[in-house]
Amino acid sequence: MTRLLTWHDEWSLNIDVLDEEHRGLIEHLADICHRFGPEASPRRSGDACALIDALTDLGEAVREHFKREEELMQTVGYEDVAEHRTEHALLMAEYTDQLRHWRAEGIDVFHEEAQEDARDWILDHILGADRDFAKAFHEIEDHLTSAGHCHDVAARARLNAARRYP
Ligand SMILES: [Fe+2]
């Protein structure tokens, strides 16, 4: 029996724009589980091409998210942006390998093991490096809101722009 994949509030980074995107990615994956999982109607699952297309679309959505996240990191002057970018590239390479494996396997039902692999891949990102970035982001924010730094208009403008991105 497939567990229902839903957003958990403890995954939040308290950066609204990123939380919204992460939630969107989880919902995107949940939709694929719903459409192609073992409990889906046989008319919906059992179509290998449609399933691989849906999983490819998910990978592209994550790639776009990584790109926007890197722009945000640059905007706020996050010093570990290069390291984070490398991590994104490794995650995408991992997913490309996984897709190749699923394609070779001829996967036509998004079975539980595949669902778990995809979920772990997304959560590795949200609960891993993004937590380090969120910590740094909140430190920058605290620094700017503390007394004595309210005159730093340019830094404040960068932070506000980041909060509103894209
Ligand atoms: Fe992220």
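User: What makes E139 partly exposed?

Analyst: In this predicted model, E139 has a relative accessible area of 45%.

User: Why does K135 count as exposed?

Analyst: The relative accessibility of K135 is 56%. Exposed means over 50%, and therefore K135 counts as exposed.

User: Why is the contact of K135 with E139 called a salt bridge?

Analyst: The closest N and O atoms of K135 and E139 are 3.6 Å apart. The cut-off is within 4 Å for a side-chain nitrogen of Lys or Arg and a carboxyl oxygen of Asp or Glu, so the pair qualifies. Both residues lie in helix α5 (residues 129-145), four residues apart, which is about one turn of the helix.

User: How do you know that the span of α5 is close to the expected one?

Analyst: Helix α5 has 17 residues, and from its first C-alpha to its last it reaches 25 Å.

User: Which residues of α5 are buried, and where do they lie around the axis?

Analyst: The buried residues are A129, D130, F133, A134, A136, F137, E141 and L144. They cover an arc of only 165° around the axis, which puts them on the same side of α5. The face turned away from that buried side carries the exposed residues D132, K135 and D142.

User: What makes the contact of R100 and D97 a salt bridge?

Analyst: The side chains of R100 and D97 meet at 2.9 Å, N to O. That value is within 4 Å, so the pair is a salt bridge. R100 and D97 both lie in helix α3 (residues 81-105), three residues apart, or about one turn of the helix. D97 has 46% relative accessibility and counts as partly exposed.

User: What does the salt bridge of E21 and R68 tie together?

Analyst: The side chains of E21 and R68 meet at 2.8 Å, N to O. E21 lies in helix α1 (residues 16-36) and R68 in helix α2 (residues 48-76), so the pair ties together parts that are 47 residues apart in sequence. E21, at 17% relative accessibility, counts as buried, because buried means under 20%. R68, at 25%, counts as partly exposed. By the same rule for salt bridges, the count comes to seven.

User: Why are H22, H65, E69, H125 and D130 called donors of the iron ion?

Analyst: Their donor atoms lie 1.9 to 2.2 Å from the iron ion. Donors are N, O and S atoms within 2.8 Å of this metal, so these atoms qualify. Along the chain, the donors follow the spacing H-x42-H-x3-E-x55-H-x4-D. Among them, E69 in helix α2 and H125 in helix α4 (residues 112-127) link distant parts of the chain, 56 residues apart.

User: How do you know that E69 and H125 are buried?

Analyst: E69 has a relative accessible area of 0%, and H125 has one of 4%. Both values are under 20%, so both residues are buried.

User: Are C33 and C49 buried or exposed, and how many disulfides are there?

Analyst: C33 is buried, with a relative accessible area of 13%. C49 is exposed, with a relative accessible area of 59%. The count of disulfides comes to zero.

Key:
Residues are numbered from 1 along each chain as its sequence is written. This is a predicted model: local features need pLDDT of at least 70, side-chain atom pairs count only at pLDDT 80 or more; totals for chains, interfaces and linings use all residues. Side-chain values use heavy atoms; hydrogens and water are left out. Helices (H or I, at least four residues) and strands (E, at least two) are DSSP runs, numbered from the N terminus. Buried means under 20% relative accessible area, exposed over 50%, partly exposed in between (1.4 Å probe, protein chains only). The expected span of a helix is 1.5 Å times one less than its number of residues. The arc is that of the directions from the helix axis to the C-beta atoms. Donors are N, O and S atoms within 2.8 Å of the metal (3.2 Å for Na, K and Ca); water is not among the atoms, so sites may look incomplete. A disulfide is a pair of cysteine sulfur atoms within 2.5 Å.
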